[in-house]
Amino acid sequence: MRVLVTGAAGFIGFNVSRHLLARGDTVLGIDSLNEYYDVTLKHARLAELDKLGDGFAFKQVDFSDHVALEAALDGEHFDRIVHLGAQAGVRYSIENPRAYLQANLAGHLNMIEIARHRKVEHMVYASSSSVYGGNDTLPFRVEDRVDQPLSLYAATKKADELMSETYAHLYRIPLTGLRFFTVYGPWGRPDMAMWLFTKAIFEGRPIDVFGEGNMRRDFTYIDDIVAGIVACVDNPPADDGSVKAGGSVSPHRIYNIGNSQSEDLGEMISLIEQACGRPAERRLLPMQPGDVRDTFADISAIQNDLGFEPRTTIAQGVPQFVAWYREYHGL
């Protein structure tokens, strides 16, 4: 297959592209290379993809600009789309809400329009566990109502799911939305807690632990996330009128993709301390606006449909991240 991957210079997009290339697919990657976090890291990821041969092509374009997007894709063929590009981050959505309107709403519409007009076989897109918002029933199930978002980021991801349902209904486009749960691992994002804690520990600075440290997350290792995404790419939902995961009778399904283990934040910090070989000074702070206390994924839908099974525990994954961090920074 030739696969169009948006956000190809991002954490998940890079890893998905690398996996597809390794198995013999070709990848057309697009990314705006914006400065939400260090662009040097994004260029380093792209350099790694370039090392894998001539199966990878890249175009710098902002997919929220439909004119630029259509121009960049003019004459390009692709069979399927993995739409992972977005403006990420719960907290940043409070500081810069318009960035989310543009990237996550206009951008998603542009991509499903591309899928519609190109008649692609399947588009897999990124949603988020943030859509569960104020839901206090654990674990989170795809059947749960998700109409109480606690951040604008979460609201845009829910809107993406709704737009996708409309397009699957009107145009019978096979679509799969994935609600990711706290993805971590090598080549991760510098704005995520695991990177921030590791950086602070190596620099001898205190770490800011929000929620007074009383938080739990379904930490999911990047290799498991990639395995789930690729399984979805390879298995489009059928347009057979049956009820899909998430409740649609159109060719649109929604899956939770997580580790299905809710871990205490303090345990994650302890594992980082062990891997770094030094203790952290923990500065306990209140919950931040838009954040949630607990996340926990019910992954039975994707397990039953596609055989997805996470393999990496947090005790295995954290040392791998810290080892990569050391190597990347020459520590």
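This report describes a sheet and a pocket in a predicted model.

**The sheet**

Seven strands form an open sheet with parallel pairing. Read across the sheet, the strands come in the order β3-β2-β1-β4-β5-β6-β11. β3 (56-60) and β11 are the edge strands, and each of them pairs on one side only. On average, neighbouring strands of this sheet are turned by 20° against each other, direction ignored.

Strand β4 (residues 80-83) and strand β5 (residues 122-128) run parallel and are joined by 4 bridges. Ile81 has Met123 in β5 as its bridge partner.

**The second largest pocket**

The second largest pocket has a volume of about 180 Å³. Two elements, α6 (152-171) and β11 (252-257), each give two or more residues to its lining. The largest share comes from α6, with 4 residues.

In total, 16 residues line the second largest pocket. Those nearest its centre are Lys158, Glu161, Arg179, Gly246 and Ile254. The table divides the lining of this pocket by residue class.

| Class | Residues in the lining |
|---|---|
| Nonpolar | 5 residues |
| Polar | 4 residues |

Technical notes
Residues numbered from 1 in each chain as written. Predicted model: local features only at pLDDT ≥ 70, side-chain atom pairs only at ≥ 80, totals over all residues. Heavy atoms only, no water. 1 Å grid on protein atoms, 1.4 Å probe; cavity = no way out; pocket = protein on both sides within 12 Å on 5 of 7 lines; lining within 4 Å. Points joined across faces, edges and corners; volume = space filled by probe spheres on them. Nonpolar A, V, L, I, M, F, W, Y, C, P; charged D, E, K, R; others polar. Pairing = 2+ DSSP bridges. Axes fitted to C-alpha atoms, helices over the stretch in contact; angles between N-to-C directions.
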